[in-house]
Amino acid sequence: YLVFSPVLRWLLIFVQRPEYDGGGKRWPLLHEILISSMIVAQVLLTTMMVLKKGYGPAFLASLPIFPTYVFGQIAKERFLRCYNDAGLVQTSHLDGWDESKQMSLEEREEFRKWLVDC
């Protein structure tokens, strides 16, 4: 048991990538749905204001369209890799990751890279 336990831990953490672990695979789709629905809502609001000849409010309603799109792209670029590697959180429990200790975003990213690179 003393020899087998570390070998099994190493295999589970660094070798096994189960196909059934969906982890965060649905989050990018949900993110796309939410951002695109916000943009469609802003475009519809702007269109309704223009049709009612409210050009000032229509202009103000059209201002957040581009920042919403840019935020969606930045958030997707920043978190897409973490969403796809969500199974690493479950496997990191085997390595003794302390969940009670709060980690900053940089520390979590460094820990994730350590898990992947090993």
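Is Q42 buried or exposed, and what is its relative accessible area? Q42 is buried, with a relative accessible area of 15%. Here buried means under 20% relative accessible area, exposed means over 50%, and partly exposed is in between, using a 1.4 Å probe and protein chains only.

Before going on, a word on what you're looking at. This is a predicted model, where local features need pLDDT of at least 70 and side-chain atom pairs count only at pLDDT 80 or more, while totals for chains, interfaces and linings use all residues. Residues are numbered from 1 along each chain as its sequence is written, and side-chain values use heavy atoms, with hydrogens and water left out.

**The whole chain**

The protein chain has six helices and zero strands, so reading from the N terminus you get α-α-α-α-α-α; helices are DSSP runs of H or I with at least four residues, strands are runs of E with at least two, and both are numbered from the N terminus. Of its 118 residues, 21% count as buried. The accessible surface comes to about 9300 Å², and 66% of that belongs to carbon and sulfur atoms. That area comes from the Shrake-Rupley method with a 1.4 Å probe, and for residues only the protein chains shown count as cover. Now take contacts, meaning heavy atoms within 4.5 Å. Among those between residues at least 6 apart in sequence, 68% join residues at least 24 apart.

Q42 sits in helix α2. This helix covers residues 27-51, and its 25 residues should span 36 Å at 1.5 Å a residue; the end C-alpha atoms are 36 Å apart, which agrees. The expected span is 1.5 Å times one less than the number of residues.

Which residues of α2 are buried? They are P28, H31, I35, I39, Q42 and T46, and they pack against α3 (55-62) and α4 (65-84). Q42 itself touches A61, P64, I65 and T68, leaving out residues up to four places away in sequence.

| Helix pair | Axes | Angle |
|---|---|---|
| α2 and α3 | 8 Å apart | about 170° |
| α2 and α4 | within 10 Å | roughly 180° |

The axes are lines fitted to C-alpha atoms, for helices over the stretch in contact, and angles run from 0 to 180 degrees between N-to-C directions. Angles over 145 degrees count as roughly antiparallel, under 35 as roughly parallel, 65 to 115 as roughly perpendicular and the rest as oblique.

So α2 and α3 are roughly antiparallel to each other. Their contact uses Q42, L45, T46, M49 and V50 of α2, together with Y55, P57, A58, A61 and S62 of α3. Those residues divide into seven nonpolar, three polar and no charged. For this sorting, Ala, Val, Leu, Ile, Met, Phe, Trp, Tyr, Cys and Pro are nonpolar, Asp, Glu, Lys and Arg are charged, and the others, Gly among them, are polar.

Likewise, α2 and α4 are therefore roughly antiparallel to each other. On the α2 side, the residues that meet α4 include W27, I35, M38 and Q42, and on the α4 side they include I65, F71, G72 and Y83. The residues of this contact divide into twelve nonpolar, five polar and two charged.

K53 follows α2 and lies in the loop between α2 and α3. Its phi is positive, about 60°, although K53 is not a glycine. K53 is exposed, with a relative accessible area of 63%.

L63 is in the loop between α3 and α4. At 44% relative accessibility, L63 counts as partly exposed. L63 and T46 are 17 residues apart in sequence, and their C-alpha atoms are 9.5 Å apart in space.
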